[in-house]
Amino acid sequence: MADFFETDDVTKGFDKNISRRILSYIKPYRLITALAFIALVVSTAGELLSPVIIRRAIDDALMKSWFGLSAELKGTEAGKELKLNDSDPVIGGKVFVRTTRLASLSSEEKKTLIAKDLFDTVEMYVFTIKDGDEAQQKLLAAHSGFFASEGQWGAISVENLRTLPAPEAAVLRFSDSVLIGKYVAALLAILVAILVSTFVMTYYSNLLGLKVMKDLRMQLFRHVLTRSLAYLSRQPVGRLVTRMTSDVETINQFFTDVLSAFIKDFSIMGGAIAVLFFFDVRLALVVTASIPLVFIVANVARIRARDAFRNQRRWTSKVNSFISEHIAGIDIVKLFVREDAARAEFTEHDAALKKANLGEMYVFATFRPIVDFLSTSTTAIALCVGAWFYLTHSISLGTLIAFVNLIGMFYSPIKDMSEKYILLQSAMAGGERIFNLLDTDEMIVDAPKLPMPERIRGHIEFVHVWFAYKEEDWILKNLSFTVEPGKMVAIVGYTGAGKTTVANLVTRFWDIQKGDIRIDGYPVRDLPLHGLRKAIQPVPQDVFLFSGSIADNIRMGDEVSVERMKLASEAVHANEFIEALPLGYNYQLSEGGSNLSQGQRQLLSFARVLAHDPSIIILDEATSAVDTETERLIQRGIEGLLSGRTSVVIAHRLSTIRHADKIIVLAHGQIAESGSHDELITRKGLYFSLYRLQNSGMV
């Protein structure tokens, strides 16, 4: 059975033209876009700054270590490489430098310096001797054997520092405690900035997506309303609904989940790599060695996820279609005892959907652990290499810890990359389908050359009209007839003769290929569509009522007075059943008016048309859905209210048109005969045959 839900491809590769068209919708919201982007930059910068602050806090305060170098190195190549200068602490003929400065020397150079007794491998803590600091002076005096000093500088080995009681160590490292407080305050400020900027970014990106979605949905709805019936008749309703709901939602996801996420993720990844190289090139090269493998795995997972997602959506569509169709036709299923067969078929569909869902799950269940494994392996390798660098005084502990944090920041976005790429593909596919619909130009051109006359008398004239729904498969062939103002003309004929087509052409639901249709002598093409359709009101075969009150369905958004509404209802004998309903005209109708009988819906559609007081009324099989008694009531109402109006009645029940001023009999898109009821009966032609068939052979 046919699939009622969307079955088009739901994924498409990145398309710059579609992306450009999607992004064009943000032009009215430049301020929102700018705020979201600024918040994104702040959030990204904050996340990248956090490891830097942590590194500085560890190296400058927590693990503040120094190594002594011979003052003889000043002016040498090694001294220049170490950037020794006069501001460096000098104690006992040794120049003390921080661990981070030693990273510029290779292992062989360090070994050479150690062998020549130019490099002291004892880890030291260097501090400033403050005049007037009694606690510090007391500490230096109490442990004079631990300290070396010269001028304003003092030094103690890290090993001896760790043996000091906590209060004494606190006195010595008071400045470090103050510095840690500053770094903690800076880190808290950054975290608060990340929190606020992330909220702002999320809020404004979602607001931007919702505004674009609203604009796009309104544009689509207006576009569909103005398309011709020729185009709309080729489009399943479910597909158009999907365009304005699911496909528009993918555009919303493009702004909320894809665009901002991609920008931030790539910024974080690029920033993390940049910071890694800034900290230490050697260790950064170790980390980046795994990047090619990561991207190979990510690309394979992306392709697999795309295929799995397509399969999952295809089977979701089939299951939804099956459920919708069988619930809608449940009475037929029960009537033909198809419960077991339907259950068996649904079991197959459901199992296929489960398999498709599992296929999608397997992709992510495989990809994420692989990325986790690569992340953990890279971290382990970086720790091993970094530990060796640390033990050989090539990097500081803060740098090593920052590396671990940055590796996690680099790999975290990769885990979501395939999922985000699927959303991007869905947005591209949704955008393509939306823009294909927006690019269709099949519409009834409303380019009036004349203003709408203040009063329509109701003169209708078909002049050599040719019309085909498809190319030259002519439904009407050289059709010509005239309807005088205030007269009732009936059009009859076998099914497919073109009766309903005539009604659609008068109101320009379709445009003719040849000939001319005139209202009061004016070509309908030259009159404004809105005015033309206000003056001509059809009552279609299939009555459609909107959910809402009866009054709303009669008024249809126009200013129709209560008196006029009730007058129209009384004229078609709808007032009786409306007043009998709870709340009367405020009675709420369900979807399609299903809580009314078919005859009541038909009467209500008559009241709706008559309440708008048109000049021309077209009744298309208007009494086909009511019983004989209701038909008599309708006929009385129509006879009174059609007085002074032109009316075209298309009917299968010939008994309802016996009093028509003229009856036109169509056959194969042409007029077979015309005249009054009595004249046509006398001729014993096609009308006579139709009438005899409906009256069991009795004339």
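The legends below describe close-up views of a predicted model.

**View 1. The largest pocket and its lining.** The largest pocket holds about 2200 Å³ of space, and 47 residues line it, with L225, L229, F509, R533 and F546 lying nearest its centre. Several elements each supply at least two residues of this lining, among them helices α8 (174–225), α17 (499–506) and α22 (598–611) as well as strand β12 (536–539). Helix α10 gives the most to the lining of the largest pocket, namely five residues. Sorted by class, the lining of the largest pocket comprises 24 nonpolar, 13 polar and ten charged residues.

**View 2. The second largest cavity.** Six cavities of 30 Å³ or more are found when the whole structure is searched, and the second largest cavity has a volume of about 60 Å³. Its lining is formed by L505, R508, W510, D511, I512, D516, I517, V524 and R525, a set that divides into five nonpolar and four charged residues, with no polar ones.

View 3. E47 and K264 form a salt bridge in which the closest N and O atoms are 2.8 Å apart. Since E47 lies in helix α2 and K264 in helix α10, the pair ties together parts that are 217 residues apart in sequence. E47 is partly exposed, with a relative accessible area of 24%, whereas K264, at 13% relative accessibility, counts as buried.

View 4. The side chains of R564 and D613 meet in a salt bridge, with an N to O distance of 3.9 Å. R564 belongs to helix α20 (residues 562–571) and D613 to the loop between α22 and β15 (616–620), so this pair ties together parts that are 49 residues apart in sequence. R564 counts as partly exposed at 22% relative accessibility, and D613 also counts as partly exposed, at 47%.

**View 5. A buried salt bridge and a salt-bridge network.** The salt bridge between R173 and D176 has its closest N and O atoms 2.9 Å apart, and both R173 and D176 are buried. Elsewhere, R56, D60 and R98 are linked in a network of salt bridges. A search of the whole structure finds 19 salt bridges.

Conventions. Residues numbered from 1 in each chain as written. Predicted model: local features only at pLDDT ≥ 70, side-chain atom pairs only at ≥ 80, totals over all residues. Heavy atoms only, no water. 1 Å grid on protein atoms, 1.4 Å probe; cavity = no way out; pocket = protein on both sides within 12 Å on 5 of 7 lines; lining within 4 Å. Points joined across faces, edges and corners; volume = space filled by probe spheres on them. Helix = DSSP H or I, 4+ residues; strand = E, 2+ residues; numbered from the N terminus. Nonpolar A, V, L, I, M, F, W, Y, C, P; charged D, E, K, R; others polar. Salt bridge = Lys/Arg side-chain N within 4 Å of Asp/Glu carboxyl O. Buried < 20%, exposed > 50% of the residue type's maximum accessible area, 1.4 Å probe, protein only.
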